[in-house]
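Here's a quick look at a couple of spots in this model. Have the viewer open and follow along.

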Amino acid sequence: MPVTEDQLAEIEAQRAETAPTRRVVARGMEERLYTLHPVLDHGFVRVIDYMGDDAAICQAARVSYGRGTKAVSNDEGLIRYLMRHWHSTPFEMCEVKFHVKLPVFVARQWIRHRTANVNEYSARYSILDREFYIPAPDALAAQSTVNHQGRGEVLEGEEAARVLEILKADSARSYDNYEAMLSQDGQRGLARELARMNLPANIYTQWYWKCDLHNLFHFLRLRADSHAQYEIRVYAQTMCEIVADWVPLAFKAFEDYRMGGVTLSAPAMDCVRRMLKGEPVTQENSGMSKGEWREFEAAIQSN
Ligand SMILES: Cc1cc2nc3c(=O)[nH]c(=O)nc-3n(C[C@H](O)[C@H](O)[C@H](O)COP(=O)(O)OP(=O)(O)OC[C@H]3O[C@@H](n4cnc5c(N)ncnc54)[C@H](O)[C@@H]3O)c2cc1C
């Protein structure tokens with residue numbers, strides 16, 4: 001599975017080929033098409049195909065006959081209106097197909113997003129490569145002391161070296177045993193579908209992953225967020241850069257209303273109104289739980 005010179009040449013050959021088309025072409029995405037965008041130590045994201053652009057979202061919203069005569073500023077206003085008001089179906093008219101190479105434990109989180117179409121590399125059919133995710137030193141961190149579902153301080157010195165050694169040794173030993181169990185080299189051994197079962201979750205897999213823009217935004221909002229695990233977040237961040245080039249107006253609206261925006265509950269809105277009137281509002285008289293209040297304060301804090 002490592003990307004070979006031949007595969008890189010195939011990608012370059014595909015990128016060199018162009019054809020006249022009547023279909024919508026997004027310039028920014030054309031530049032990205034097929035290119036490998038490296039993620040983690042052996043992973044990548046690349047765009048295999050796409051459909052639509054910013055104008056296609058507006059066309060769908062207006063159910064228009066052609067590209068229309070509307071100015072870009074009109075399109076921008078419409079896209080921002082659609083995003084603000086959760087009018088999602090026009091965004092579903094754009095599609096994108098990614099080729100992703102990722103560790104299995106990241107794939108397990110990713111596959112929870114059910115609104116995509118997926119086809120994964122078959123480890124029943126093919127022998128997996130000796131490729132494992134080994135975190136970079138700054139991604140090796142201890143359990144967080146404040147967040148049960150997260151990491152805290154970065155490991156240093158001997159402790160970092162100790163865990164790295166365990167990760168590398170386990171990966172190597174598991175793969176040696178995988179090879180030792182496979183039906184190959186004259187040994188009866190095990191079928192590929194069985195021999196793989198002892199492989200660790202940091203081994204790499206690959207898939208084609210196709211999604212419409214509305215559901216992709218949902219994925220990115222959850223996985224490019226600081227609460228998402230670092231190892232999936234770096235994929236989502238790379239995809240954000242790609243989407244920003246593909247549909248810049250829609251991506252800006254997404255950044256403003258989803259990534260950078262917050263939803264305030266009715267009690268929270270009531271607190272804001274009271275604060276604007278100059279009333280002293282505290283958690284105790286807010287009608288919110290301690291957790292909600294903490295999040296509310298974080299959302300309205302000026303620094
Ligand atoms: C920070 C973080 C921590 C998480 N921790 C955990 C955890 O500890 N344990 C765990 O199990 N999961 C965890 N998850 C996964 C999470 O619960 C969701 O399964 C995952 O984010 C996919 O979200 P989704 O269902 O909205 O996405 P999608 O499956 O892409 O669905 C998109 C939307 O379509 C609709 N939809 C799709 N399928 C259905 C359906 N069958 N019925 C009704 N509506 C549907 C829903 O509106 C849904 O929001 C975590 C996710 C994040 C981001």
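Which residues does Arg-223 touch, not counting those up to four places away in sequence? They are Gln-109, His-113, Ala-228, Ile-232, Arg-233 and Ala-236, where contact means heavy atoms within 4.5 Å.

## Ground rules

Keep in mind that this is a predicted model: local features need pLDDT of at least 70, side-chain atom pairs count only at pLDDT 80 or more, and totals for chains, interfaces and linings use all residues. Residues are numbered from 1 along each chain as its sequence is written, and side-chain values use heavy atoms, with hydrogens and water left out.

## Arg-223 and helix H9

Arg-223 is found in helix H9, which spans residues 213-223; helices here are DSSP runs of H or I, at least four residues, numbered from the N terminus. Arg-223 counts as buried because its relative accessible area is 18%, and the cut-off for buried is under 20% (1.4 Å probe, protein chains only). Other buried residues of H9 include Leu-213, Phe-217 and Leu-220.

A polar atom of the Arg-223 side chain sits 3.3 Å from the backbone oxygen of Gln-109. In an unreviewed UniProt entry, the annotation "active site" covers Arg-223; such annotations may be inferred rather than shown by experiment.

At the start of H9, a side-chain oxygen of Asp-212 comes within 3.1 Å of the backbone nitrogen of His-214.

## The loop at Gln-283

Gln-283 lies in the loop between helices H12 (266-276) and H13 (290-300). Its relative accessibility is 18%, so Gln-283 is buried too. The Gln-283 side chain reaches the backbone oxygen of Met-288 at 2.9 Å. Leaving aside neighbours within four places in sequence, Gln-283 is in contact with Met-288, Ser-289, Lys-290 and Trp-293.

Technical notes
Helices (H or I, at least four residues) and strands (E, at least two) are DSSP runs, numbered from the N terminus. Buried means under 20% relative accessible area, exposed over 50%, partly exposed in between (1.4 Å probe, protein chains only). A polar contact is a pair of N or O atoms within 3.5 Å; within protein, one must be able to donate a hydrogen and the other to accept it, and residues adjacent in sequence count only if both atoms are side-chain atoms.
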